[in-house]
Amino acid sequence: MAIKTYKVGKVLVEGTQIRELQSAALTITLGSEDTQEIGESWADPVGTGRAWTLSLTCKHDPADTVQAALRTEFLTGDGLLSAVQSWVDGSSYFAGSGALVTNMAINKSVGPIDTVTFELQGKGALSWTA
């Protein structure tokens, strides 16, 4: 069994690597609808479309250009990004052809380092490169 430690993982937003990344969670889902007919006792799902979201948590660095760009898109822009790549190792990554910044949260507390979390919702296809 090969266990991933993600020491070389990274996230690129519009070609630039986000700094101070602590975690990235890519979630890929398949929507479904039930085509079960009256009288049947078991569901009969059919896939209706795929979706993906990417959650990024970073040490809050207002000077980081990608964090600043994500913040600006969320607060004052249309929130649309043209390209997102989520690298899982030195040569393999998921690439999204576009994304919408749907959420931003800054966590401040006594003691720990401040963090910022961005939620990106995929707009278009997600591909895999190995």
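Is Thr 115 buried or exposed? I started there. Thr 115 is buried, at a relative accessible area of 14%. My cut-offs: buried is under 20% relative accessible area, exposed is over 50%, and partly exposed lies in between, with a 1.4 Å probe and protein chains only.

**Entry 1: ground rules.** I am working on a predicted model, where local features need pLDDT of at least 70, side-chain atom pairs count only at pLDDT 80 or more, and totals for chains, interfaces and linings use all residues. Residues are numbered from 1 along each chain as its sequence is written, and side-chain values use heavy atoms, with hydrogens and water left out.

**Entry 2: Thr 115.** I placed Thr 115 in strand β9. Strands are DSSP runs of E with at least two residues, helices are runs of H or I with at least four, and both are numbered from the N terminus. Next I listed contacts, meaning heavy atoms within 4.5 Å. Leaving aside neighbours within four places in sequence, Thr 115 touches Gln 22, Thr 57, Cys 58, Lys 59, His 60, Ala 105, Ile 106 and Asn 107.

Entry 3: I then traced strand pairing, which requires at least two DSSP bridges between two strands. Five strands form an open sheet, ordered β2-β1-β6-β7-β10, with antiparallel pairing. β2 and β10 (126-129) are the edges; each has a single partner strand, so one side of each lacks a neighbour in the sheet.

I went through the pairs in turn. β1 and β2 are antiparallel and share two bridges. Leu 12 has Gln 17 in β2 as its bridge partner. Two residues lie between the strands of this hairpin, and Glu 14 there takes a positive phi near 50°. β1 and β6 are antiparallel over four bridges, and Val 13 is partnered by Val 84 in β6. β6 and β7 are antiparallel and joined by four bridges. Gln 85 stands opposite Ala 95 in β7.

**Entry 4: the core.** I looked for nonpolar cores, defined as sets of buried Ala, Val, Leu, Ile, Met, Phe, Trp, Tyr and Cys residues joined through side-chain atoms within 4.5 Å. The largest has 17 residues, and Ile 18, Leu 54, Leu 56, Leu 70, Leu 81, Val 84 and Leu 120 have the most contacts inside it. β1, β4, α1, β8 and β9 each give two or more residues to this core. β4 gives the most, with four.

I checked Val 84 separately. Beyond its neighbours within four places in sequence, Val 84 contacts Leu 12, Trp 52, Leu 54, Phe 94, Ala 95, Gly 96, Ala 99 and Leu 120.

For helix α1 (residues 65-75), I found Val 66, Gln 67, Ala 68 and Leu 70 buried. These buried residues pack against β1 (10-13), β2 (16-17), β4, β5 (80-81), β8 (99-107) and β9 (115-122).

**Entry 5: the cavity.** I searched a 1 Å grid over the protein atoms alone; a cavity is a set of points where a 1.4 Å probe fits but cannot get out, and lining residues have an atom within 4 Å of a point. Points are joined across faces, edges and corners, and the volume is the space filled by probe spheres set on them. I counted one cavity of 30 Å³ or more.

Which residues line the largest cavity? They are Leu 26, Trp 52, Leu 54, Val 84, Gln 85, Ser 86, Phe 94, Gly 96 and Leu 126. β4 (45-59), β6 (84-87) and β7 (93-96) each supply at least two residues of this lining, and β6 gives the most, with three.

Terms used:
On a 1 Å grid over the protein atoms alone, a cavity is a set of points where a 1.4 Å probe fits but cannot get out, and a pocket is an open set with protein on both sides within 12 Å along at least five of seven lines; lining residues have an atom within 4 Å of a point.
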